[in-house]
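Hi everyone, thanks for coming. Let's take a few minutes to look at one structure together, and please have it open as I talk.

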Amino acid sequence: MKNKHPNAIVVLALGFAMAGLHLADLLLWSDAETGFATAGSVWLRYIPWLAALVLPYLPARRAANQPTGLQDTCPPLGLCMVLAGAALVTSGVAMWPVAKYAVQYPEMFSTDYPTWAVWADLLLPVLCGAWLLYYGGRAFKGFGMRRQKLGSPLFAGTVPLYFLWKLIWRFQFTPASVYRMPCALRVLSAAAALLFAVVLIKVFLVPGLPCGHTLYAAGTGAYLLCTGLELTQTLFEAAHDMLTLPDLAAGLGIGLLGLCGLFCAWEACGKEME
């Protein structure tokens, strides 16, 4: 099959370009404290990010359906998974003081942020991060066809569950005004992370499963939105001292998950297993 790596190079360059444009928007045409757009059309800002979520599915059929590079080992993917997992575990552990306080003084927590939501913010990132750490290590040692063993679906279910939780939680707090960009755009990055997580666990749970087409599309969307958008936004807000430790670690973890999407998309643009 014809090698399609040039497509992956285009994806890589597009991610850098979109991250650079988003950073320029944050620095020059948005209010740093509130996130409101101060110049230009808001809808023109949404268009490229919505396109990044949807358009990768159009060329996905040209990708390898069973990428050779994802049949047994993939150290770059494993490294990004380990880093993303460590960041998400940190995010969950950092919620322990809040959870402890919620147990001692439940009356202090309103219906907008109930006690059970605090525990979800603690447990889900820890479990999701633990899965990424474990299978990230397996990406170095071998996870594919030679193992001849399926993974645990129960443990893997925590990965899409965490990103579904982030999507719902972010959507709930999306402001009424579309001019406040960071909150609304983070909904898109959570959606991209969820779509990619569903495909990523297939790679490890069912070795050899022909899912390269959706892996390319979801991986590309995750790279563009989770790394190009979420990671850029997180680093910008961290530089302005606007984030708590759990939010900072979660943003870094989602951004690193986007790099996992890049490596998956790259391999899906390569050779197909014969």
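**Rings, core and cavities**

Let me begin with Trp-96, which is partly exposed at 45% relative accessibility. Here, buried means under 20% relative accessible area, exposed means over 50%, and partly exposed is in between, using a 1.4 Å probe and protein chains only. Before going on, a word on the source: this is a predicted model, where local features need pLDDT of at least 70, side-chain atom pairs count only at pLDDT 80 or more, and totals for chains, interfaces and linings use all residues. Residues are numbered from 1 along each chain as its sequence is written, and side-chain values use heavy atoms, with hydrogens and water left out.

Now, Trp-119 is also partly exposed, with a relative accessible area of 28%. The ring centres of Trp-96 and Trp-119 lie 6.1 Å apart with the planes at 70°, so this pair is edge-to-face. For the rule, rings of Phe, Tyr and Trp (its six-membered ring) pair if their centres lie within 6.5 Å; planes under 30 degrees apart are stacked, over 60 edge-to-face, and the rest tilted. Trp-96 sits in helix α4 (residues 96-104) and Trp-119 in helix α5, so the pair ties together parts 23 residues apart in sequence. Helices, by the way, are DSSP runs of H or I with at least four residues, strands are runs of E with at least two, and both are numbered from the N terminus.

How many aromatic pairs are there by this rule? The count comes to eleven. Another one is Trp-43 with Tyr-46, a tilted pair with 5.6 Å centre to centre and 40° between the planes. These two are three residues apart in helix α2, so about one helical turn separates them. Trp-43 is exposed, at 55% relative accessible area, while Tyr-46 is buried, at 9%. Please also find Tyr-113, Trp-116, Trp-165 and Trp-169, which form one aromatic cluster.

On to the inside. In soluble globular proteins, nonpolar side chains tend to be buried together. A nonpolar core is a set of buried Ala, Val, Leu, Ile, Met, Phe, Trp, Tyr and Cys residues joined through side-chain atoms within 4.5 Å. The largest one here has 72 residues, and among those with the most contacts inside it are Met-81, Trp-131 and Phe-163. Which helix gives the most to this core? That is α8, with 18 residues. Phe-163 touches residues including Leu-88, Cys-128, Ala-190 and Ile-254, leaving aside residues up to four places away in sequence; a contact means heavy atoms within 4.5 Å. There is also a second, separate core of six residues, including Met-95 and Val-118.

The structure holds two cavities of 30 Å³ or more. On a 1 Å grid over the protein atoms alone, a cavity is a set of points where a 1.4 Å probe fits but cannot get out, and lining residues have an atom within 4 Å of a point. Grid points are joined across faces, edges and corners, and a volume is the space filled by probe spheres set on the points. The largest cavity has a volume of about 100 Å³, and 15 residues line it. Leu-70, Gln-71, Val-203, Gly-208 and Leu-209 lie nearest its centre. The second largest cavity has about 30 Å³ of space, and its lining includes His-22, Asp-25 and Gln-233. Helix α1 provides the largest share of that lining, three residues.

Definitions and conventions:
On a 1 Å grid over the protein atoms alone, a cavity is a set of points where a 1.4 Å probe fits but cannot get out, and a pocket is an open set with protein on both sides within 12 Å along at least five of seven lines; lining residues have an atom within 4 Å of a point.
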